[in-house]
Structures are given as C-alpha cells and as structure tokens.
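Hi,

Here is the structure I promised to pass on to you. Have a look at it first, and my notes follow below.

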Amino acid sequence: MRLLLQWSGLRSNTRSSFVMPCASQTRFLLLYGSQRGQAKAIAEEIAVKASDHGFAAEVSCLSEEEKYNLERERSPVVIVVSTTGDGEPPDTAINFVKKIKTKTLCSVHFAHLHYALLGLGDSNYSNFCNCGKTIDKRLGELGAQQFYASGYADDGVGLELVVEPWIEGLWDALRKFVTSAMSTSQKDTNNHVGDHNAKNEMRTIESAVTDLNLHLLSLDESSSKDESGGSCNIVAEGEVLEASLTRSVSPLSESSLNVPALPAPFLDVELLNELQQDPTLLKPPETAHQVVITSAKQLTREDAVKTTLLLEMDISETPLVYEPGDSFDLLCPNNNSEVEELLLRLGILEKKHHIVKLQVKPDTKRKVSRLPLYIPEHSSLQYIFMWCLEIRAIPKKAFLRSLVEYTTNEHEKRRLQELCSKQGFADYNHFIRNPSLSILDLLCAFPSCMPTLSVILEHLPKLQPRSYSAASSIYSNPGRVHIVFNIVEFPPCPERPALRKGVCTGWLSNLVLPILQHSGGQMMLPEIQDASNVLPKVYICSRPSSAFHLPSDTAAPIIMVGPGTGISPFIGFLQHRKKQREEHPDVSFGETWLFFGCRHKDRDFIFRDELGRFQAEGTLTHLRVSFSRDQDDSTEEVKPKYVQDNLRLNAQDVVRVLFKENGYIYICGDAKNMAKNVHEELIDIFSRELQIDKLEAMKVIADLREKKRYLQDIWS
C-alpha cells in the first residue's frame with residue numbers, strides 16, 4: 001500500500017484559528033478525511049479562501065464526530081476525502097463510512113442535507129478515489145442532494161488539475177445554493193418552482209464541472225503528446241530552440257499569465273544558540289519502536305538491473321506483533337549531503353547546529369495559521385531538514401509562486417511565473433512534476449532565487465515514513481520480521497544531472513553495508529556479543545492491513561500474483577501456511593498458486609531456493625514463473641514474459657479456483673504497470689471463460705472486491 005504525495009497549498013499545525021462568521025459571512029460545514037495530511041491541507045486552503053468570498057468555514061475532521069451532526073445540519077456541507085490502500089478510507093474516515101453504510105438507515109435519512117465532495121486518489125490504482133465515490137453514492141442513497149458536482153483529483157497526473165478549478169467553482173455554487181435556499185424559505189407557496197430551479201442550477205453546475213474536467217483531461221493528453229516535439233521554436237533554418245526548465249518558447253513566452261495568489265506568510269523564524277547534544281539524533285514518536293537489524297542479505301546477483309536486499313529485524317523487545325500481509329513504517333532521514341547542500345544554497349550552513357524557534361506571525365493575513373506539528377521544539381536546523389521535512393517533495397505551484405518574490409533576475413522570475421501559471425501547466429508537468437524535481441534542484445537552476453528559511457519551512461511538507469510489507473511470519477520467525485526492497489535509483493536527466501538513490505532505500509543500503517551478505521553467502525551473521533552496540537538500529541511502526549491476510553478458512557484456495565519484490569508478503573503467507581500444516585496435519589488446506597516474474601532467471605529470481613522447498617513439501621502447490629529478459633529469439637517457442645501471460649496460460653484454473661471453489665486472489669507490486677495489466681488480463685480471462693462481455697467481467701471483479709476476495713497491496 002502506498003499513499004499520495006503531500007499537497008502543499010497550506011501546512012498543518014497545532015491549533016487552527018478560523019475567522020468566526022460575521023453578519024456578511026455565510027457558514028458552511030467543511031469536513032475532511034486524511035491519511036497523510038493532503039485532504040486536511042486542501043480543506044484548510046478552502047477555509048482560508050472562504051472568507052474572501054463571503055463565507056465562513058467550520059472545519060472538522062470526519063473522526064471528530066463530537067464536533068458536527070449531519071443529522072441536524074442545515075448549512076451546506078463540503079467534504080474533502082482521500083483514498084488509501086486498496087481503495088480503503090483513510091483512518092480518520094473509517095468510522096464515518098461505517099456509520100453511513102448502516103443498513104438500517106432509511107432512504108430519506110439525509111434528505112435535508114446538501115453537500116459537495118472532493119475526492120483525492122491516484123489513477124495508477126484500480127480503485128481510483130473509491131472512498132470519495134463510496135461516500136458520494138451512499139449519501140445519495142440516503143436522500144442527500146449535491147449542490148455542486150463532485151470532483152475527483154488524480155495524483156497520477158497532478159491533483160491541482162482538478163483541485164484548483166473545483167475550489168474556484170465552489171464559491172459560485174455556494175452562493176447560488178444559499179440564494180436559492182433563502183428564496184425558497186421566503187416563498188413557501190413556490191416550493192415546487194424553487195425545487196425545479198435548484199435542480200436546473202445543479203444540472204448547470206454539473207455540466208460545467210464535467211466539461212471543465214474533460215477539458216483539463218484533453219489538455220493534459222494533448223500536452224503529453226506535444227512534450228517531445230511541440231514545445232520548440234524555429235530560430236533559423238536548421239536551428240531549433242527548445243523549451244527547458246529555465247527557458248520557455250512561444251506561445252507561452254509571449255502569453256499573459258494567470259498566476260496563483262501569493263500565499264500569505266505565517267511563520268516567524270529565529271535561530272537561537274547552538275545545540276549542545278547530537279543535533280541529528282532522532283526524536284521518535286510514541287508509536288515508534290527502535291529495533292536492531294540482525295542481518296542483511298543481497299538477494300540479487302551483482303549484474304542484476306536492480307539490487308534487492310532482505311533485512312531481518314529483531315522485534316522481541318517490543319510489543320510489536322503482525323500477521324502475514326501487514327506492513328511496517330520505517331522512519332528514515334534525508335540524505336545528509338543533500339541537506340548540507342540545501343543549507344549551503346540557502347546561506348545558512350554555518351548555522352546548522354543552531355536551535356530553531358518558530359512562532360506564528362501575529363499580523364499574518366492567513367486565516368488558518370498554526371505551527372507545524374512535525375517540527376519538534378528545541379530542534380536544530382540540521383535536525384529539521386534531516387528528519388522533519390520532505391526536501392525531495394515536488395514543489396507545488398503555490399511554492400513556486402512564493403519563490404518568485406525572492407528572485408532578482410527578471411528572466412528567472414518570468415520563468416517561475418510561467419511554471420506556476422495556468423498557461424504553463426504543461427511545462428510544469430514536463431519539467432518539474434515528471435522528473436520529480438526538488439526545491440534544491442530548482443534553486444540550482446534559478447541562482448538568483450534566495451528564499452528565506454521561513455518560506456522553506458512554510459512550504460515543505462512532512463517527511464513521511466516509508467512502508468514495507470512483512471516478508472515473514474512471526475509464527476515461523478518468533479521475535480523477527482523481514483522486509484525486502486529494491487535500492488531505488490533515479491537516473492540523471494537534463495533537469496537533474498546527478499543520479500540519486502531513494503531517500504529510505506539509499507539510507508538503508510548504506511546503513512547495513514558493514515553487515516551485508518552478498519548473494520550466495522550466509523544469511524545470518526555469527527553470534528555477536530553485545531550486538532546492540534554493533535548492529536545498526538532503526539525505528540519502525542506497525543501498519544496492520546485491514547484485509548490483505550490469508551483467508552480464515554484454510555480450505556479456501558488462494559492465487560498470489562507478485563513479481564519482483566511484490567513476492568514479499570507471499571513469502572510470509574507460505575511460511576505461515578507451512579507452520580499451520582505442521583501443527584494441524586488433519587486439517588484440510590486449499591491449493592496455493594504463485595505467479596512470480598522477474599527479468600532474468602539467474603540474476604534476480606529472488607527466494608528461488610525457498611520457493612523450491614515450499615513446493616517440495618506441498619505448501620506451494622503451483623508455481624508459475626516468467627522472465628521478461630530471457631526470451632530466446634532463435635526458437636519458435638513463445639515463453640511467458642510477464643505474470644499476466646502465465647495467468648492467461650492458466651485461465652481455466654484461475655476461473656475454477658475463484659468461482660467454483662470460492663478462492664481468493666492477491667496482487668502485490670507495481671500499481672502503474674503490473675497491477676493494471678493483471679487487472680485487464682483478468683477481465684479478458686473472465687469474459688472469455690465465463691462467456692460474458694467485458695462490462696459484466698468488470699462487475700465480476702467488483703463483486704470479488706466487495707467480498708474481499710480480490711485484494712491488492714500495490715504502490716506507484
């Protein structure tokens with residue numbers, strides 16, 4: 001399970017300060033459900049803008065049920081909610097969703113309610129914006145009425161493409177609704193006419209938003225097609241001037257620009273005396289536990305395209321427990337050399353050990369202003385940049401707009417204005433979003449830009465922990481948990497000339513280097529006396545899965561699809577099943593199918609020996625492997641290249657397991673390519689084998705999802 005990138009319209013802090021409604025302001029209720037802060041930040045942005053449009057937002061998290069009552073709410077309601085995991089509600093919305101899905105509620109339970117909904121998701125996941133759609137559908141079933149068409153923002157192409165126009169259109173929709181409601185209350189005899197007008201207004205708003213979303217989608221698709229050859233000017237015969245991060249071409253270079261409003265500054269920053277203790281020592285949250293990495297092994301050969309490592313961590317001294325299918329969040333720092341380079345670029349490297357004091361500006365014009373919760377008091381500058389801020393975060397347009405104010409070169413200032421403007425959205429995607437540039441990359445590209453420390457702290461989001469699936473069973477490995485990961489590498493590109501490793505995987509690979517066993521070596525190290533002072537340590541938090549577990553009925557057959565490191569949770573499944581078979585020899589166990597794939601059989605077929613043992617003892621009944629780069633062009637035999645090819649070759653068994661024997665299918669790995677391709681292949685298989693059309697096949701998959709028999713743990 002992987003989650004979305006942070007929205008940086010506004011930051012979160014300890015206590016909100018909202019302007020109370022005055023005589024000229026109309027109240028509306030603003031609810032949000034957020035996993036990592038995105039929906040909350042967008043809700044706060046709406047609250048900030050509300051006052052400028054004559055409204056006052058009363059903001060609450062969906063989990064704060066004591067602060068609102070939809071059964072009695074008569075003001076318009078705006079809901080902003082994200083989706084996490086396999087289409088699941090964020091933690092803060094779980095109870096709300098359960099409550100409104102209560103079957104005993106009647107069809108007019110929310111007949112008095114008028115709402116608008118903004119859902120956040122990622123189209124790389126097949127259950128796009130599922131939480132928002134679930135709430136939207138259920139509110140409609142309970143009689144609630146939309147006063148503004150729902151928006152569904154896609155982090156796969158950029159949340160702002162839908163979020164920004166949706167927020168802009170919200171104010172007119174609120175005004176029309178309030179005007180209509182006031183007119184209706186004053187003219188009781190014309191209720192039917194008022195209802196008819198409201199419906200017409202709704203249709204008009206829905207049509208406008210639909211047209212806007214389709215227009216944005218069309219623009220995004222056309223810009224993608226033009227990115228390689230459309231953004232260039234012919235300067236002279238044989239000479240082509242192409243756009244780049246720092247240079248635009250016509251028509252953008254000659255266009256009038258619509259740039260975002262300048263975000264109101266809200267932080268005062270003061271550097272105090274130097275910190276005496278270790279300025280980089282992590283101050284972990286209460287939910288985190290320090291564990292020792294007892295072993296590290298490289299699973300792939302040296303000549304493999306990707307390097308895969310397996311780590312074993314000792315959790316015996318912690319209260320942590322887990323089931324196969326659960327994940328663990330691992331707290332990691334930013335790369336120290338990047339931190340120092342950024343501090344040097346900001347001109348404050350020599351003060352990296354100084355304590356940072358933060359205060360909310362007493363005269364800030366920002367209506368929602370509070371200190372960031374994720375920056376502890378009495379922290380050094382270096383600590384904040386290493387452990388608190390996502391310095392690799394892609395700068396949002398609001399951040400770029402602020403940078404304009406600190407740029408002295410007119411050419412650079414104009415280019416930053418273009419990149420944050422409506423007219424420059426294609427360039428923003430092509431030169432900033434797609435190559436995943438960071439604030440450091442931008443500051444290197446625009447040397448006259450010298451932002452203050454307060455601007456950086458206001459716009460950089462929280463450094464999030466990285467999530468890894470457990471690749472073990474606690475019943476087979478008491479007091480231990482294994483995780484598996486590829487060392488992520490970002491190759492150089494014109495906008496970022498240096499190769500970079502992933503924030504967490506790069507850090508982990510360096511951390512375990514002294515104890516790393518290469519492929520073919522022993523997995524476990526010899527016993528070390530006082531290992532706590534020798535072995536590396538990390539902080540982890542448990543992240544239980546709500547559904548990605550083995551079925552409670554051991555007789556139910558399972559199909560596991562996990563190429564590459566997507567095999568991780570299935571190793572835990574098989575270890576667990578092996579232990580069950582040993583302890584309960586008289587119990588019936590269903591078939592276990594594993595579809596695994598990698599590039600080369602001899603280079604990156606991870607867990608090859610362990611899978612062979614599972615097969616030999618009967619724990620794994622069917623293993624189907626594919627190797628995408630081992631294809632032999634000299635023979636006519638066509639070998640399966642990807643996991644979906646093997647699914648196709650075993651289509652009849654797949655259908656038998658899922659429909660005749662009520663089995664389960666689990667998919668783990670890359671969301672952008674593998675999970676989508678597997679999903680499409682299953683639609684074809686069900687359509688062909690069940691002799692139904694593709695629409696019916698999609699409904700079959702939806703039914704399996706609803707019954708928790710089609711489960712995914714995927715990431716982008």
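Let me begin with strand β2 (residues 55-61), which is mostly covered, with six of its seven residues buried. Please keep in mind that this is a predicted model. The partner of β2 is strand β1 (residues 26-33), and the two run parallel, joined by seven bridges.

Strand β13 (residues 354-360) pairs with β14 in the antiparallel sense over two bridges. Within that pairing, valine 356 sits opposite serine 379 of β14.

The last item is a helix pair. Helix α14 (residues 568-583) packs against helix α15 (residues 608-617) at an angle of about 35°, and their axes are 11 Å apart. The crossing of α14 past α15 is left-handed. On the α14 side the contact is made by Ile571, Leu574, Gln575, Lys578 and Arg581, while α15 brings in Glu610, Leu611, Phe614 and Glu617. By type, the residues of this contact divide into four nonpolar, one polar and four charged.

Enjoy browsing it, and write back whenever you like.

Best wishes

How values were computed. Residues numbered from 1 in each chain as written. Predicted model: local features only at pLDDT ≥ 70, side-chain atom pairs only at ≥ 80, totals over all residues. Heavy atoms only, no water. Axes fitted to C-alpha atoms, helices over the stretch in contact; angles between N-to-C directions. Helix = DSSP H or I, 4+ residues; strand = E, 2+ residues; numbered from the N terminus. Left-handed = near helix turned anticlockwise from the far one by under 90°. Contact = heavy atoms within 4.5 Å. Nonpolar A, V, L, I, M, F, W, Y, C, P; charged D, E, K, R; others polar. Pairing = 2+ DSSP bridges. Buried < 20%, exposed > 50% of the residue type's maximum accessible area, 1.4 Å probe, protein only.
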